[in-house]
Amino acid sequence: MHMPDGLINAPVSIGAGVLVAGAVAVSLKKTKGSLDSQTAPMAGLVAVFISAAQMINFPVAAGTSGHLMGGALAAILVGPWVAVLVMTVVVGIQALVFADGGLSALGINILNMGIVTVIVGILVFAGLMKVLPKTKSSIVAASAIAAFLSVPASAAAWVFEYALGGTATYELQTVFISVVGVHLLIGIGEAIITALTIAAILATRADLVDGARKFLPKQKLVIKDSVVA
Amino acid sequence: MSNKKLLIVGLIVSIVIASILSFYASSQPDGLEKVTADQSLDVNAVDSANSDSALADYGVAGVENERASAFLGGLIGVAITGLAGAGLYFWLRDPNTVETK
(Lines give C-alpha, C1' and ligand atoms only; values in the text may rest on other atoms or scores of the structure.)
Protein backbone atom coordinates (compact mmCIF):
# COMPACT_ATOMS: atom_id res chain seq x y z
CA MET A 1 0.00 0.00 0.00
CA HIS A 2 3.08 2.26 0.00
CA MET A 3 2.63 4.37 -3.10
CA PRO A 4 5.71 5.55 -5.00
CA ASP A 5 6.06 9.12 -6.29
CA GLY A 6 4.47 10.25 -9.54
CA LEU A 7 1.18 8.32 -9.52
CA ILE A 8 -0.85 11.16 -8.06
CA ASN A 9 -0.28 14.80 -9.00
CA ALA A 10 1.23 17.52 -6.83
CA PRO A 11 -1.95 19.37 -5.78
CA VAL A 12 -3.57 16.23 -4.36
CA SER A 13 -0.29 15.11 -2.75
CA ILE A 14 0.15 18.52 -1.13
CA GLY A 15 -3.50 18.57 -0.06
CA ALA A 16 -3.05 15.21 1.65
CA GLY A 17 0.13 16.50 3.28
CA VAL A 18 -1.73 19.50 4.68
CA LEU A 19 -4.49 17.27 6.05
CA VAL A 20 -1.90 15.02 7.70
CA ALA A 21 -0.02 17.97 9.18
CA GLY A 22 -3.29 19.22 10.67
CA ALA A 23 -4.18 15.81 12.09
CA VAL A 24 -0.71 15.43 13.60
CA ALA A 25 -0.84 18.92 15.12
CA VAL A 26 -4.23 18.23 16.72
CA SER A 27 -3.06 14.80 17.94
CA LEU A 28 0.09 16.27 19.46
CA LYS A 29 -1.93 18.89 21.28
CA LYS A 30 -4.53 16.40 22.51
CA THR A 31 -1.98 13.93 23.83
CA LYS A 32 0.76 16.00 25.45
CA GLY A 33 1.23 14.75 29.00
CA SER A 34 -1.95 12.67 28.73
CA LEU A 35 -0.53 9.30 29.75
CA ASP A 36 0.85 8.07 33.04
CA SER A 37 4.26 6.45 33.23
CA GLN A 38 2.62 3.00 32.94
CA THR A 39 0.90 3.55 29.60
CA ALA A 40 3.23 6.06 27.92
CA PRO A 41 5.87 3.43 26.97
CA MET A 42 3.17 1.46 25.14
CA ALA A 43 3.03 4.05 22.36
CA GLY A 44 6.69 3.52 21.49
CA LEU A 45 6.37 -0.24 21.71
CA VAL A 46 3.31 -0.20 19.43
CA ALA A 47 5.28 1.87 16.89
CA VAL A 48 8.17 -0.61 16.98
CA PHE A 49 5.88 -3.62 16.70
CA ILE A 50 3.83 -2.22 13.80
CA SER A 51 6.95 -1.14 11.94
CA ALA A 52 8.35 -4.67 12.30
CA ALA A 53 5.07 -6.40 11.42
CA GLN A 54 4.69 -4.24 8.30
CA MET A 55 7.88 -5.82 6.94
CA ILE A 56 6.10 -9.16 6.65
CA ASN A 57 4.34 -9.40 3.32
CA PHE A 58 2.00 -12.37 3.21
CA PRO A 59 0.74 -13.86 -0.06
CA VAL A 60 -2.93 -13.14 -0.77
CA ALA A 61 -3.78 -14.12 -4.32
CA ALA A 62 -1.95 -15.17 -7.46
CA GLY A 63 1.18 -13.03 -7.62
CA THR A 64 0.07 -10.54 -4.98
CA SER A 65 0.97 -9.91 -1.37
CA GLY A 66 -0.15 -7.68 1.44
CA HIS A 67 1.04 -6.60 4.84
CA LEU A 68 -0.34 -5.25 8.07
CA MET A 69 -1.22 -1.56 8.10
CA GLY A 70 -1.75 -1.45 11.85
CA GLY A 71 -3.88 1.67 12.22
CA ALA A 72 -6.85 -0.16 13.76
CA LEU A 73 -4.51 -2.11 16.04
CA ALA A 74 -2.80 1.08 17.22
CA ALA A 75 -6.11 2.88 17.74
CA ILE A 76 -7.44 0.08 19.96
CA LEU A 77 -4.16 -0.30 21.88
CA VAL A 78 -3.29 3.34 22.55
CA GLY A 79 -6.37 5.34 21.52
CA PRO A 80 -6.93 7.15 18.21
CA TRP A 81 -4.99 10.35 18.94
CA VAL A 82 -1.81 8.60 20.02
CA ALA A 83 -2.35 6.12 17.16
CA VAL A 84 -2.17 8.93 14.59
CA LEU A 85 1.25 9.88 16.02
CA VAL A 86 2.41 6.24 16.09
CA MET A 87 1.36 5.63 12.48
CA THR A 88 2.93 8.90 11.29
CA VAL A 89 6.21 7.84 12.90
CA VAL A 90 6.03 4.37 11.30
CA VAL A 91 5.11 5.43 7.76
CA GLY A 92 7.43 8.45 7.95
CA ILE A 93 10.47 6.36 8.89
CA GLN A 94 9.63 3.85 6.15
CA ALA A 95 9.71 6.59 3.50
CA LEU A 96 12.58 8.68 4.86
CA VAL A 97 14.96 5.92 5.98
CA PHE A 98 14.02 2.86 3.93
CA ALA A 99 12.70 4.49 0.74
CA ASP A 100 9.48 2.49 1.10
CA GLY A 101 6.82 4.75 -0.40
CA GLY A 102 7.62 7.99 -2.20
CA LEU A 103 8.67 11.22 -0.51
CA SER A 104 6.17 13.47 -2.28
CA ALA A 105 3.63 10.67 -1.75
CA LEU A 106 4.28 10.66 2.00
CA GLY A 107 1.20 12.74 2.85
CA ILE A 108 -1.03 10.39 0.88
CA ASN A 109 0.59 7.30 2.39
CA ILE A 110 0.24 8.55 5.97
CA LEU A 111 -3.33 9.67 5.29
CA ASN A 112 -4.37 6.28 3.87
CA MET A 113 -2.40 3.89 6.07
CA GLY A 114 -2.14 5.94 9.24
CA ILE A 115 -5.22 8.12 9.54
CA VAL A 116 -8.07 6.54 7.55
CA THR A 117 -7.29 3.18 9.19
CA VAL A 118 -7.24 4.75 12.67
CA ILE A 119 -10.56 6.56 12.16
CA VAL A 120 -12.38 3.61 10.57
CA GLY A 121 -10.80 1.18 13.04
CA ILE A 122 -11.81 3.06 16.17
CA LEU A 123 -15.32 3.88 14.90
CA VAL A 124 -16.09 0.28 13.95
CA PHE A 125 -14.57 -0.98 17.21
CA ALA A 126 -16.53 1.47 19.37
CA GLY A 127 -19.75 0.80 17.44
CA LEU A 128 -19.44 -2.95 17.86
CA MET A 129 -18.57 -2.70 21.55
CA LYS A 130 -21.80 -0.75 22.08
CA VAL A 131 -23.83 -3.82 21.13
CA LEU A 132 -21.55 -6.72 22.07
CA PRO A 133 -21.26 -8.13 25.59
CA LYS A 134 -18.44 -6.43 27.49
CA THR A 135 -16.04 -9.38 27.52
CA LYS A 136 -12.49 -10.02 26.37
CA SER A 137 -13.74 -12.23 23.51
CA SER A 138 -15.94 -9.39 22.27
CA ILE A 139 -13.00 -7.02 22.36
CA VAL A 140 -10.95 -9.45 20.25
CA ALA A 141 -13.83 -10.01 17.79
CA ALA A 142 -14.55 -6.29 17.49
CA SER A 143 -10.83 -5.64 16.92
CA ALA A 144 -10.74 -8.23 14.13
CA ILE A 145 -13.73 -6.73 12.32
CA ALA A 146 -12.46 -3.17 12.80
CA ALA A 147 -9.06 -4.17 11.41
CA PHE A 148 -10.63 -6.03 8.49
CA LEU A 149 -12.75 -3.04 7.41
CA SER A 150 -9.95 -0.52 7.88
CA VAL A 151 -7.99 -2.01 4.97
CA PRO A 152 -10.58 -1.71 2.15
CA ALA A 153 -11.42 1.73 3.60
CA SER A 154 -7.79 2.74 3.19
CA ALA A 155 -7.84 1.35 -0.36
CA ALA A 156 -11.03 3.27 -1.15
CA ALA A 157 -9.37 6.46 0.10
CA TRP A 158 -6.51 5.82 -2.32
CA VAL A 159 -8.97 5.35 -5.21
CA PHE A 160 -10.63 8.65 -4.27
CA GLU A 161 -7.25 10.41 -4.30
CA TYR A 162 -6.35 8.77 -7.60
CA ALA A 163 -9.67 9.90 -9.07
CA LEU A 164 -8.78 13.45 -8.02
CA GLY A 165 -5.18 13.49 -9.18
CA GLY A 166 -4.18 10.30 -11.00
CA THR A 167 -1.50 10.87 -13.63
CA ALA A 168 -2.49 8.07 -16.05
CA THR A 169 -5.67 7.27 -17.92
CA TYR A 170 -7.96 4.98 -15.99
CA GLU A 171 -11.44 3.58 -15.75
CA LEU A 172 -12.67 4.50 -12.29
CA GLN A 173 -14.99 1.55 -11.77
CA THR A 174 -12.35 -0.99 -12.77
CA VAL A 175 -9.74 0.65 -10.55
CA PHE A 176 -12.13 0.75 -7.61
CA ILE A 177 -13.18 -2.89 -7.92
CA SER A 178 -9.64 -4.22 -8.27
CA VAL A 179 -7.95 -2.05 -5.63
CA VAL A 180 -10.69 -2.44 -3.01
CA GLY A 181 -11.17 -6.09 -4.00
CA VAL A 182 -7.57 -7.13 -3.37
CA HIS A 183 -7.57 -5.18 -0.11
CA LEU A 184 -10.60 -7.14 1.11
CA LEU A 185 -8.30 -10.17 0.95
CA ILE A 186 -5.42 -8.31 2.63
CA GLY A 187 -7.93 -7.21 5.29
CA ILE A 188 -8.29 -10.84 6.36
CA GLY A 189 -4.60 -10.93 7.21
CA GLU A 190 -4.92 -7.59 9.00
CA ALA A 191 -7.83 -8.99 11.04
CA ILE A 192 -5.90 -12.12 12.05
CA ILE A 193 -2.72 -10.28 13.10
CA THR A 194 -4.71 -7.62 14.95
CA ALA A 195 -6.88 -10.17 16.78
CA LEU A 196 -3.86 -12.27 17.82
CA THR A 197 -1.98 -9.21 19.09
CA ILE A 198 -4.94 -7.80 21.02
CA ALA A 199 -5.69 -11.24 22.50
CA ALA A 200 -2.08 -11.65 23.64
CA ILE A 201 -2.00 -8.28 25.38
CA LEU A 202 -5.47 -8.75 26.89
CA ALA A 203 -4.26 -12.04 28.36
CA THR A 204 -1.17 -10.51 29.95
CA ARG A 205 -1.80 -6.81 30.58
CA ALA A 206 -5.44 -5.98 29.76
CA ASP A 207 -5.05 -2.70 31.65
CA LEU A 208 -2.74 -1.44 28.90
CA VAL A 209 -5.31 -1.84 26.10
CA ASP A 210 -6.89 1.60 25.78
CA GLY A 211 -9.98 0.34 23.94
CA ALA A 212 -10.62 -2.32 26.59
CA ARG A 213 -10.09 -0.26 29.71
CA LYS A 214 -13.64 0.94 30.19
CA PHE A 215 -15.21 -2.45 29.50
CA LEU A 216 -13.22 -4.63 31.84
CA PRO A 217 -13.58 -4.76 35.62
CA LYS A 218 -11.31 -2.31 37.37
CA GLN A 219 -8.31 -3.94 38.96
CA LYS A 220 -8.40 -3.64 42.69
CA LEU A 221 -5.63 -1.55 44.11
CA VAL A 222 -3.69 -3.89 46.34
CA ILE A 223 -0.77 -3.22 48.55
CA LYS A 224 1.73 -5.96 47.93
CA ASP A 225 4.52 -6.93 50.28
CA SER A 226 6.22 -3.88 51.56
CA VAL A 227 9.26 -2.81 49.64
CA VAL A 228 12.23 -2.39 51.87
CA ALA A 229 14.86 -0.13 50.47
CA MET B 1 3.68 -9.14 33.63
CA SER B 2 5.51 -6.03 34.72
CA ASN B 3 5.85 -3.05 32.39
CA LYS B 4 9.55 -3.61 32.05
CA LYS B 5 9.08 -7.27 31.17
CA LEU B 6 6.36 -6.43 28.65
CA LEU B 7 8.62 -3.87 26.98
CA ILE B 8 11.48 -6.36 26.77
CA VAL B 9 9.28 -9.15 25.42
CA GLY B 10 7.68 -6.73 22.93
CA LEU B 11 11.08 -5.58 21.71
CA ILE B 12 12.38 -9.13 21.32
CA VAL B 13 9.26 -10.17 19.39
CA SER B 14 9.65 -7.10 17.14
CA ILE B 15 13.33 -7.81 16.50
CA VAL B 16 12.58 -11.44 15.61
CA ILE B 17 9.86 -10.32 13.20
CA ALA B 18 11.87 -7.50 11.62
CA SER B 19 15.23 -9.22 11.41
CA ILE B 20 14.51 -12.92 10.98
CA LEU B 21 10.93 -13.50 9.79
CA SER B 22 11.15 -10.60 7.33
CA PHE B 23 13.61 -12.65 5.26
CA TYR B 24 10.81 -15.11 4.55
CA ALA B 25 8.22 -12.46 3.63
CA SER B 26 6.53 -12.74 0.25
CA SER B 27 8.43 -10.84 -2.41
CA GLN B 28 5.39 -10.59 -4.68
CA PRO B 29 4.18 -7.03 -5.34
CA ASP B 30 1.65 -5.81 -2.79
CA GLY B 31 -2.00 -5.26 -3.67
CA LEU B 32 -1.66 -1.64 -4.76
CA GLU B 33 1.58 -2.22 -6.66
CA LYS B 34 0.04 -5.15 -8.54
CA VAL B 35 -3.14 -3.36 -9.58
CA THR B 36 -1.40 -0.12 -10.59
CA ALA B 37 1.06 -2.12 -12.71
CA ASP B 38 -1.63 -4.35 -14.28
CA GLN B 39 -3.77 -1.36 -15.22
CA SER B 40 -0.82 0.87 -16.22
CA LEU B 41 -1.73 3.45 -13.59
CA ASP B 42 1.93 3.74 -12.68
CA VAL B 43 3.30 4.84 -16.07
CA ASN B 44 4.44 8.12 -14.53
CA ALA B 45 5.87 6.59 -11.36
CA VAL B 46 9.33 7.82 -10.45
CA ASP B 47 11.85 6.48 -7.97
CA SER B 48 11.88 8.54 -4.84
CA ALA B 49 14.88 10.79 -4.29
CA ASN B 50 16.32 8.45 -1.66
CA SER B 51 15.65 5.18 -3.52
CA ASP B 52 19.37 4.39 -3.71
CA SER B 53 20.09 5.25 -0.09
CA ALA B 54 22.13 2.82 1.97
CA LEU B 55 19.05 1.40 3.69
CA ALA B 56 16.63 1.31 0.75
CA ASP B 57 14.19 -1.60 0.85
CA TYR B 58 15.15 -2.61 4.38
CA GLY B 59 18.56 -3.95 3.42
CA VAL B 60 21.99 -2.53 4.07
CA ALA B 61 24.03 -1.51 1.04
CA GLY B 62 27.38 -3.26 0.85
CA VAL B 63 26.30 -6.32 2.83
CA GLU B 64 26.46 -9.05 0.20
CA ASN B 65 24.73 -11.79 2.12
CA GLU B 66 21.00 -11.19 1.68
CA ARG B 67 20.09 -12.75 4.97
CA ALA B 68 22.62 -10.64 6.86
CA SER B 69 21.51 -7.54 4.99
CA ALA B 70 17.84 -8.14 5.89
CA PHE B 71 18.84 -8.93 9.49
CA LEU B 72 20.72 -5.66 9.87
CA GLY B 73 18.01 -3.71 8.05
CA GLY B 74 15.38 -5.06 10.44
CA LEU B 75 17.53 -4.31 13.46
CA ILE B 76 18.16 -0.74 12.30
CA GLY B 77 14.43 -0.32 11.66
CA VAL B 78 13.60 -1.40 15.20
CA ALA B 79 16.31 0.86 16.62
CA ILE B 80 15.22 3.99 14.72
CA THR B 81 11.53 3.41 15.44
CA GLY B 82 12.44 2.73 19.07
CA LEU B 83 14.22 6.09 19.28
CA ALA B 84 11.18 7.82 17.84
CA GLY B 85 9.06 5.84 20.29
CA ALA B 86 11.20 7.11 23.16
CA GLY B 87 10.56 10.63 21.90
CA LEU B 88 6.82 9.88 21.93
CA TYR B 89 7.14 8.63 25.50
CA PHE B 90 8.52 11.94 26.73
CA TRP B 91 5.81 13.83 24.87
CA LEU B 92 2.96 11.67 26.16
CA ARG B 93 4.04 11.12 29.75
CA ASP B 94 2.37 13.25 32.38
CA PRO B 95 5.31 14.67 34.34
CA ASN B 96 3.19 14.71 37.48
CA THR B 97 2.71 10.95 37.69
CA VAL B 98 4.93 9.00 39.97
CA GLU B 99 7.37 6.57 38.41
CA THR B 100 6.52 3.05 39.57
CA LYS B 101 9.01 0.28 39.76
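Colleague: How far does helix α7 of chain A reach from its first C-alpha to its last?
Modeller: This is a predicted model, in which local features need pLDDT of at least 70, side-chain atom pairs count only at pLDDT 80 or more, and totals for chains, interfaces and linings use all residues. Residues are numbered from 1 along each chain as its sequence is written, while chains are lettered from A and ligands numbered from 1 in the order in which they are written. Helices (H or I, at least four residues) and strands (E, at least two) are DSSP runs, numbered from the N terminus. Helix α7 of chain A, residues 172-205, has 34 residues; 50 Å is expected at 1.5 Å a residue (1.5 Å times one less than the number of residues), and its reach is close to that, at 46 Å.

Colleague: How compact is chain A, judged by its radius of gyration?
Modeller: Chain A has seven helices and two strands, in the order α-α-β-β-α-α-α-α-α from the N terminus. The radius of gyration is taken over C-alpha atoms, and the globule rule is 2.2 Å times the number of residues to the power 0.38. For 229 residues that rule gives 17 Å, and chain A is close to this and therefore as compact as a globular protein of that length, with a radius of gyration of 19 Å.

Colleague: What is the radius of gyration of chain B?
Modeller: Chain B has three helices and zero strands, and its C-alpha trace spans about 55 × 30 × 25 Å along its principal axes. A compact globule of 101 residues would have a radius of gyration near 13 Å, but chain B has 19 Å.

Colleague: What percentage of the residues in chain B is buried?
Modeller: A residue is buried if 20 or more other C-beta atoms lie within 10 Å of its own, exposed if 12 or fewer, and partly exposed in between, with C-beta atoms placed from the backbone. In chain A, buried residues make up 57% of 229. In chain B, out of 101 residues, the buried share is 28%.

Colleague: Which element gives the most to the side of chain A that touches chain B?
Modeller: Two residues are in contact if their C-beta atoms, placed from the backbone, lie within 7 Å. By that rule 61 residues of chain A are in contact with 57 residues of chain B. Elements giving two or more residues to this side of chain A include β1 (58-61), α4 (80-98) and α7. The most, 11 residues, comes from α2(A).

Colleague: Is S34(A) buried, exposed or partly exposed?
Modeller: S34(A) is in the loop between α1 (10-31) and α2 of chain A. Not counting residues up to four places away in sequence, S34(A) touches L92(B) and D94(B). Because S34(A) has 15 C-beta neighbours inside 10 Å, it counts as partly exposed.
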